Amino acid sequence: MHTSFISRRALFAVIIALYSCACVLGESGFVKFIAGDGNELSKKSCMIYDSRWKPLSLSWTEPVEIAFVSPPMGCSEDSIIINNAQQLEGRIAVFQRGNCSFSWKVLAAVQNGAVAVIIFSESRLTMPIAANKSDYDLVNVPVIMVDDNTIEIIHNLEYNTSAVFASEKTRRIDPNVVIFFIAAWICLLTPCVWVARDMLDRHHRATVTNGVSNENNGEPEDETIHFRLVHAIIFVFVASTALLLIYFLYQYIVYIIIVLFMISSSAALYRLLVILPISKKAKADVQLPFIGRVTFYKLAAFAVAISLAIWWFVVRHGNYAWLLQDILGIAFIISALQTLRTPSFRVTTAILVGFVLYDVFFVFITPFFTKNNDSVMVTAATGGGRSNEPLPLTLRVPRLLPACFSGDSLLGFGDIIIPGLAVVYCTVYDTYTSLQLSQHNKTWLQCYPYAVSAFVAYTIAVAYYRGELSAFWSGRVKCGAAYRPLAPNSIQPKEETV
């Protein structure tokens, strides 16, 4: 009854989540430059714009003459400096990015009669957002950003050069989002099944030995790391500190992260390979110095994992490096979710809420404080043009359909791992409950509905419906007539009644 109730609503939540992701429309478009004689100086070039200044349609605007601001940035760190302000009247003001906020440039241009603003960037392009939301109400002109290659085409022409804009037609469904959605499911379902089967195996061994021994036939138990509430707070603080260090010292820290990624992801891939069913059938082994007897299968798994990491490192700037990085990244995420545990939904919620605030601050709020209106999170993830070495902490997929901007779509590891902690906790809790009810033959199904119900409100509603909200929230399970803390590593056999 519980499973069918959850599954229907969980699948509905999946459809809503997928549709919400697919309907996110980017604000990009095209710009063309036209000479005084009507000849186009360039093919249409890509641009980014912020429609909150003024939205653009799919149709080309009327040609308007451009005017390069002098000096190019039009400002210092504390004041506006425009020596040719009179030339901006009725024209499109062209600024170079830097020194001050986008708002300063836009407001100064409009005050001097400009009908649109172009900002060209020598590094990567970002949305030309306002420093304050109230700035959007002060003007009604298009504000776009292009790269310096676009400007170079007409930079030496001082007069009679016009520009026209048009918005790019966007797609309702991005196939890259669908691929990330499937990858996220794999990353969530695999550790759920892994954790549930591990708990069932230990329960079976405890039942056979009547709870005397927890030995795993000579195999060591998987180590797990349990978060407490204080750990959740420290976790968010450490993540914030690390992000700031990456932002300010990217060109140095990126190489440390690359090495750590190679080590951790290859170790994670090895863990996944050795738990495959074939590993139990491979009995042939060999005696190695300082290590002891090791099966040939484990040696092969170790060689594959190490070789894949080295292969990625060698070709990390190649066309197919994204596929190797995704394989290593998925292995890392699965291993992390199998290792990291939360003892209660209270701690899980604290981590989820903490990282929501973390994301909101570093993605949406930091652009209002940084010098060039950069998002600390986006700059740290992409390098911000300060290095040709991207951080290997994302799943990458090249854009599958033609778009204005080429490159890769990115999904950060944390975007899967943090919600995944809630998914794994739900699996552990329900597996424990099922074992107490002698329903472990259906336990592997429990991770399926919870893989799509990581939203805090929805999960709480399910727990409330099942009458387990208090115990679920505090991380306690019913044992006979009493409740005791949830402890996945100390499963006891169910007491038989006479």
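Q: Is Cys-192 buried or exposed?
A: Cys-192 has a relative accessible area of 0%, so this residue is buried (under 20% relative accessible area; exposed is over 50% and partly exposed lies in between, with a 1.4 Å probe and protein chains only). The model is predicted, so local features need pLDDT of at least 70 and side-chain atom pairs count only at pLDDT 80 or more, while totals for chains, interfaces and linings use all residues. Residues are numbered from 1 along each chain as its sequence is written, and side-chain values use heavy atoms, with hydrogens and water left out.

Q: How does Cys-187 count, as buried or exposed?
A: Cys-187 counts as buried because its relative accessibility is 0%.

Q: How many disulfides does the structure hold, and which cysteines form the pair?
A: A disulfide is a covalent bond between the sulfur atoms of two cysteines, assigned here to a pair of cysteine sulfur atoms within 2.5 Å. The structure holds one: Cys-75 with Cys-100, the sulfur atoms being 1.9 Å apart. The pair links distant parts of the chain, 25 residues apart. Cys-75 lies in the loop between strands E3 (64-68) and E4 (92-96), and Cys-100 in the loop between E4 and helix H2 (102-111). Helices (H or I, at least four residues) and strands (E, at least two) are DSSP runs, numbered from the N terminus. Both Cys-75 and Cys-100 are buried.

Q: What is the hand of the disulfide of Cys-75 and Cys-100?
A: The torsion about its S-S bond is about -95°, so the disulfide is left-handed.

Q: At what angle do helices H6 and H8 pack?
A: Axes are lines fitted to C-alpha atoms, for helices over the stretch in contact, and angles run from 0 to 180 degrees between N-to-C directions. For H6 (residues 250-274) and H8 (residues 296-314) the angle is about 150°, with the axes 9 Å apart. H6 and H8 are therefore roughly antiparallel (over 145 degrees; under 35 is roughly parallel, 65 to 115 roughly perpendicular, the rest oblique).

Q: Which residues of H6 and H8 meet?
A: Contact means heavy atoms within 4.5 Å. Among them are Phe-261, Met-262 and Leu-269 in H6, and Phe-302, Ile-306 and Trp-312 in H8. The contact of H6 with H8 divides into 18 nonpolar residues, one polar and one charged.

Q: How are H5 and H10 oriented, parallel or antiparallel?
A: H5 (residues 229-248) and H10 (residues 345-365) pack at about 20°, their axes 9 Å apart. The two are therefore roughly parallel.

Definitions and conventions:
Ala, Val, Leu, Ile, Met, Phe, Trp, Tyr, Cys and Pro count as nonpolar, Asp, Glu, Lys and Arg as charged, and the others, Gly among them, as polar.
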